[in-house]
Structures are given as structure tokens and as C-alpha cells.
Amino acid sequence: MSQEGRFSWLRRILGREKATAAPLACRELVELVTNYLDGALTPGEHARVESHLADCPHCTRYVEQMRLTIRATGELREADIRPEAREALLAAFRDWKSG
């Protein structure tokens, strides 16, 4: 092992070399998209999302579809949703999350 590689952990600890974050999977992006669009991610999470979007045309299209949906629906408040529709949406998300 080279001298350079032998001490890479020490440079990371001292802050001279940033540890590379694990790549983001498409499913993780789906879970983070709302916070991403709201600007509520940490700088590290935001960078991971941006990196993924740079390489994944499917997720890029998904994020753009979410942006278009938000623009099309405007500001929808919880009070605007009928209780039965709210419960159906929550059940769908619970089922998706558990599946």
C-alpha cells in the first residue's frame, strides 16, 4: 500500500480530504424529493440528490413531473381535501412505504 493510501483515513479525520458519500439509489431519491423541492435537505443530502440527477434521466424526469404537478395544483391545503380522500391518500402512501 502506498504512503498516500495508508494515511487517507487520517486526512479525512483532519478534514483535509472529504469522505465520499454513498451514491443515492432511485428509491432514496423518491423518499427525499419533497424535501429536495422544498429546499429542506442538508447540504450533503442536496449534493447526493444533485449528483444522482446528473446521471439518472429517469429520476430527472420524475423530479420535473413533481415540479409540474406542484405548479398545476397550486397550494393545496389539508383543509381543502375531503376526509375520505385524505385517508385514501395516507393509506396509499402507507402501503407503498411498507411494500
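Is His 52 buried or exposed? Keep that in mind; the answer comes in point 4.

1. **What you are looking at.** This is a predicted model, where local features need pLDDT of at least 70, side-chain atom pairs count only at pLDDT 80 or more, and totals for chains, interfaces and linings use all residues. Residues are numbered from 1 along each chain as its sequence is written, and side-chain values use heavy atoms, with hydrogens and water left out.

2. **The overall layout.** The protein chain has six helices and zero strands, and along the sequence that reads α-α-α-α-α-α. Helices here are DSSP runs of H or I with at least four residues, strands are runs of E with at least two, and numbering starts from the N terminus. Of the 99 residues, 13% count as buried. Buried means under 20% relative accessible area, exposed means over 50%, and partly exposed is in between (1.4 Å probe, protein chains only). The accessible surface of the chain comes to about 8000 Å², and 57% of that belongs to carbon and sulfur atoms; such areas come from the Shrake-Rupley method with a 1.4 Å probe, and for residues only the protein chains shown count as cover. As for contacts (heavy atoms within 4.5 Å), take those between residues at least 6 apart in sequence: 55% of them join residues at least 24 apart.

3. **The core.** Start with the largest nonpolar core, which has 11 residues, among them Leu 24, Leu 29, Val 33, Tyr 36, Leu 53, Cys 56, Cys 59 and Val 63. Helices H3 (26–38), H4 (43–55) and H5 (57–73) each give two or more residues to this core, and the largest share, four residues, comes from H3. A nonpolar core is a set of buried Ala, Val, Leu, Ile, Met, Phe, Trp, Tyr and Cys residues joined through side-chain atoms within 4.5 Å. In soluble globular proteins, nonpolar side chains tend to be buried together.

4. His 52 sits in helix H4. With a relative accessible area of 12%, His 52 is buried. Setting aside neighbours within four places in sequence, His 52 is in contact with Leu 24, Ala 25, Cys 26, Leu 29 and Cys 59.

5. **Cysteines without disulfides.** How many disulfides does a search of the whole structure find? The search finds zero. A disulfide is a pair of cysteine sulfur atoms within 2.5 Å. Cys 26 is in no disulfide, and the nearest cysteine sulfur, that of Cys 59, is 3.6 Å away. Cys 56 is in no disulfide either, with the sulfur of Cys 59 as its nearest cysteine sulfur at 3.7 Å. Cys 26 counts as partly exposed because its relative accessibility is 37%, whereas Cys 56, at 9%, counts as buried.

6. **A loop residue worth a look.** Ala 21 lies in the loop between helix H2 (8–14) and H3. Ala 21 is partly exposed, at 48% relative accessible area. Ala 21 and Arg 48 are 27 residues apart in sequence, and their C-alpha atoms are 7.4 Å apart in space.

7. **Salt bridges.** The count comes to five, where a salt bridge is a side-chain nitrogen of Lys or Arg within 4 Å of a carboxyl oxygen of Asp or Glu. Glu 64, Arg 67 and Arg 71 are linked in a network of them. Within that trio, the side chains of Glu 64 and Arg 71 meet at 4.0 Å, N to O; Glu 64 is partly exposed at 34%, and Arg 71 is exposed at 55%. Arg 82 pairs with Glu 84 at 2.8 Å, N to O, and both residues are exposed. Arg 86 forms a salt bridge with Glu 87, with the closest N and O atoms 3.2 Å apart.

8. Leu 89, Phe 93 and Trp 96 make a nonpolar surface patch of about 330 Å². Patches are made of residues with over 30% relative accessible area and no salt bridge, with like charges joined within 9 Å and nonpolar side chains (Val, Leu, Ile, Met, Phe, Trp, Tyr) within 5 Å. Trp 96 lies in helix H6 (residues 83–98) and is partly exposed, with a relative accessible area of 37%.
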